[in-house]
Amino acid sequence: MKRSGTASILTLGFALLALTPALGAQWHATVGAQSRDKGRQALAFLPNEIWIHAGDSISWTFNADDIHTVTFLTDGQVRPPFPVGCPGFSASGATFDGTTCVSTPPTVTGGTFSVLFPTPGNYKLVCLVHEDMTGTIHVLDSSMALPHGQSFYDREAAEQARDLLAAANHDGQDTEETHDTAFGHHHDSSANAVAVGIGKVVANAGGHQTVSIMRFVEPELVIHAGGAVEWTNHDPITPHTITFGTEPANPIPPSGNVTVDADGALHATITSTSDSAHSGFIISAPQERIGLPQAPLGPTRFRITFTAPGVYPYICALHDNLGMKGRIVVLP
Ligand SMILES: [Cu+2]
């Protein structure tokens, strides 16, 4: 019964479409927001909850230099890695009715993606790059009233972006620097420590939004030869790397000269300014979810012992395009 019903609705839909091609409304939303220096990134659909009519389309405009996807998985689909997509990627103008996955490739500022929703239902919107970046699209039958118009969503998008980016900056001012007191918590300030990013996840009825500071909080550190520096990731979701010298093609695993200390921290030794060392992904353990196997601890600390004086620049291989760089000055 359901199938024949769907078929007749589809037939009717096509007939109506042929008669009045511009039937569905076109809605607009944005993906991501960032500070002027790109260091603060709102990993969020803005807004992340929208009510539309069946037959309407939503066009998303990407607004950040950190990569995101607009992805609708099917219920029960195992979440694929972002380079894989659905698998594969959809062209703008795609249709989503809950039965076939739709996804953009990783996209940055200037990209747009439009999706048509022909069938009533409540659909989850995700970014394949950022787990805590989700939204909900409510597709109502055209006989039902919609709670909001486009101007409401424009206002909400602006407010959510402002709140997220302000949350990354304790006093809310648009300074071009970051502080380890962002979000009000102080980090252990033992001498040779670098906080790698800071983040915060917020929830609303539509889903999750995240703000991340894509910076080494202490971008320059001065130590003496023979000393070690420790990097720790303070972001609940975003991975970072600490990369000296040559950037590896695959940023996920550590370089071959990295060992594991007894407390689980990764450790490398650098003996000259021409050495390379790469931490691999430094990331907090994923959240636990009912029905999924317990996730193992992630490596959240990376240490390097420097044996020779010199200046050692390094980057986060994932976010150097956003300005995530630092250097260690090693004195004799
Ligand atoms: Cu990073």
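Author: Asp261 has a relative accessibility of 22%, so it counts as partly exposed. The bands are these: buried is under 20% relative accessible area, exposed is over 50%, and partly exposed lies in between, with a 1.4 Å probe and protein chains only.

A word on the basis. This is a predicted model, in which local features need pLDDT of at least 70 and side-chain atom pairs count only at pLDDT 80 or more, while totals for chains, interfaces and linings use all residues. Residues are numbered from 1 along each chain as its sequence is written, and side-chain values use heavy atoms, with hydrogens and water left out.

Now the contact. Asp261 makes a salt bridge with Arg303, and the closest N and O atoms are 2.8 Å apart. Asp261 sits in the loop between strand 16 (259-260) and strand 17 (266-270), and Arg303 sits in strand 19 (residues 301-306). The two are 42 residues apart, and the pair links distant parts of the chain. A salt bridge here is a side-chain nitrogen of Lys or Arg within 4 Å of a carboxyl oxygen of Asp or Glu. Strands (E, at least two residues) and helices (H or I, at least four) are DSSP runs, numbered from the N terminus.

Arg303 has a relative accessible area of 15%, so it is buried. The pair does not stand alone. Salt bridges link Glu230, Asp261, Asp263, Arg301 and Arg303 in a network. Over the whole structure, a search finds 8 salt bridges.

Next, the rings. The whole structure holds 14 aromatic pairs. Phe152 and Tyr153 have ring centres 5.4 Å apart and planes at 80°, so this pair is edge-to-face. Rings of Phe, Tyr and Trp (its six-membered ring) pair if their centres lie within 6.5 Å; planes under 30 degrees apart count as stacked, over 60 as edge-to-face, and the rest as tilted. Phe152 is partly exposed at 24% relative accessibility, whereas Tyr153 is buried at 1%.

Phe244 and Phe306 form an edge-to-face pair, with 5.7 Å from centre to centre and 65° between the planes. This brings us back to strand 19: Phe306 lies in it, and Phe244 lies in strand 15 (residues 243-244), so the pair ties together parts that are 62 residues apart in sequence. Phe244 is buried, with a relative accessible area of 2%. Phe306 is buried at 0%. Ring pairs join Phe216, Trp231, Phe244, Phe302, Phe306, Tyr312 and Tyr314 into a cluster.

Last, the metal. His240 (ND1), Cys316 (SG) and His319 (ND1) coordinate the copper ion at 1.9 to 2.2 Å. Along the chain, the donors follow the spacing H-x75-C-x2-H. His240 lies in the loop between strand 14 (228-234) and strand 15, and His319 in the loop between strand 20 (310-315) and strand 21. The two histidines are 79 residues apart, and they link distant parts of the chain. Donors are N, O and S atoms within 2.8 Å of the metal (3.2 Å for Na, K and Ca); water is not among the atoms, so sites may look incomplete. His240 is buried at 0% relative accessibility. His319 is buried at 4%.
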